[in-house]
Amino acid sequence: MNDILQKLRQCVEFGKIDKACPYPPNLKDQDGANELTKKALENGIKPTEILENALIPAMTIVGNKFSRNEIFVPQMLMSAKAMHGAMVHIRPYFQSGETKRKGKFIIGTVAGDLHDIGKNLVAMMVEGGGWEVIDLGVDAGTEKFIRAIDENPGSIVGLSALLTTTMENMKKTVIDLKTNYPSLKILVGGAPVTQEYCEKIGADFYSPDPQGAVNYLRNLALHRLTL
Ligand code: B1M
C-alpha cells in the first residue's frame, strides 16, 4: 500500500490528529492525519481511495477494538478526532458531488435529552464508514427529524437516548416517523436502550456501540445495491 496511506491509517487508528498533537507519545512531532491527508491529495491520491484504503479500515479496527473493550472512550475520541482532521480535506470533494458516498444518515439525541458524547461517536464512526451524516444535535424532536428526512429523501435515521425518561420520547419519535415514512429504517442506541426495547417500539435495529451501527448501515447499503 502507498506509504502515505499506510501512515494515515496508523494516525487514525492511534489518534494522531496533526503534527502539533502530542498524542500518542510514540508519534510525537510526526505528521498527523491532517498533514498526511493533505499530502495524499497533493500526490494525486483520490478522496475515495483515502477513505476506503485508510480512514474506513482504521475506524473499523478502532470500532472493533472498542466493542471488545480493548480500548476505551478517550482513545476512540482521539481516533474520531484524527478522522475529522482528515475529513476536513476530503469533505469538500464529497460535498461537491465529485466523489460519491454510501448514503445519508440522519442522527440526533431524542427530545429532552442533552447527552451527546455517544451520539457524536456514532456520527463520527458512520462518517468514517463513508456516509454523509446529518447531525441534528441534542433535544431533537420528531419535527426536526421530519424536516431533515423531507430534505434528504432515502436517508436512514439514528436515534440516541441516555435517560430512562427520554426513552419514552424515542418511542414517540419512532412511532411518528414510521407512521409518516413506513419504509424508513430506524436505528436506535444509547446506554439504557436494549434489543428488547428496540423491538417493543418498532425500530429496525439496535446497536450497543458505534461499530454495530456502521456494520448495519454497510449491510443495508450492500442490500440496496443488490436490489
Ligand atoms: Co447525565 N446522566 N444527566 N449528564 N450522564 C447519566 C446518563 C446517568 C446514568 C448518571 C447517573 O445518574 N448515574 C443519569 C441517567 C439516569 C437514568 O436515566 N436512569 C444521568 C442524569 C440523571 C442526568 C441529569 C438528569 C442530571 C440532572 O441534571 N439532575 C441531566 C439530564 C440533562 C438532559 O439530558 N436533559 C444530565 C446531564 C449530564 C451532563 C450535561 C452533565 C453530561 C452530558 C454532557 C454531554 O453529553 N455533552 C452528563 C454525562 C456526561 C453523563 C454520564 C456521566 C456519561 C454519559 C456518557 O457520555 N457516556 C452518565 C453516567 C455514566 O454513563 N457513567 C450520565 C459515554 C458515552 C460514550 O456513552 O452515550 O452510552 P453512551 O454511548 C455509547 C453507547 O450507548 C452507544 O455508543 C456509545 C459508545 O459505545 N450509543 C449508540 C449511543 N448512542 C447510540 C446511537 C446508536 C447506536 C449506538 O444508533 C443510532
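1. Strand 1 (104-109) and strand 3 (156-160) run parallel and are joined over 5 bridges. Two strands count as paired if DSSP finds at least two bridges between them. Within this pairing, Gly108 has Leu159 of strand 3 as its bridge partner. Helices (H or I, at least four residues) and strands (E, at least two) are DSSP runs, numbered from the N terminus.

2. Bear the source in mind. This is a predicted model: local features need pLDDT of at least 70, side-chain atom pairs count only at pLDDT 80 or more, and totals for chains, interfaces and linings use all residues. Residues are numbered from 1 along each chain as its sequence is written, and side-chain values use heavy atoms, with hydrogens and water left out.

3. The sheet is open and has 5 strands in the order 2-1-3-4-5, with parallel pairing. Strand 2 (132-135) and strand 5 (205-206) are the edges; each has a single partner strand, so one side of each lacks a neighbour in the sheet.

4. His115 (NE2) is the only protein donor of the ligand's cobalt atom, at 2.2 Å. Donors are N, O and S atoms within 2.8 Å of the metal (3.2 Å for Na, K and Ca); water is not among the atoms, so sites may look incomplete. His115 sits in the loop between strand 1 and helix 5.

5. The ligand has 26 residues around it; Leu114, His115, Asp116, Ser160 and Thr164 come nearest. A residue is near a molecule if one of its heavy atoms lies within 4 Å of it. Helix 5 (117-128), strand 3 and strand 4 (186-189) each supply at least two residues of this shell. Helix 5 gives the most, with 4 residues.

6. An N or O atom in the side chain of Asp116 is 2.7 Å from a ligand nitrogen. A polar side-chain atom of Ser160 lies 2.8 Å from a ligand nitrogen. A polar backbone atom of Ala191 is 3.3 Å from a ligand oxygen. A polar contact here is a pair of N or O atoms within 3.5 Å.

7. Helix 5 also supplies the largest share of the lining of the largest pocket, 5 residues. Strand 1, strand 3, strand 4 and helix 9 (210-226) are among the elements that each supply at least two.

Methods. A polar contact is a pair of N or O atoms within 3.5 Å; within protein, one must be able to donate a hydrogen and the other to accept it, and residues adjacent in sequence count only if both atoms are side-chain atoms.
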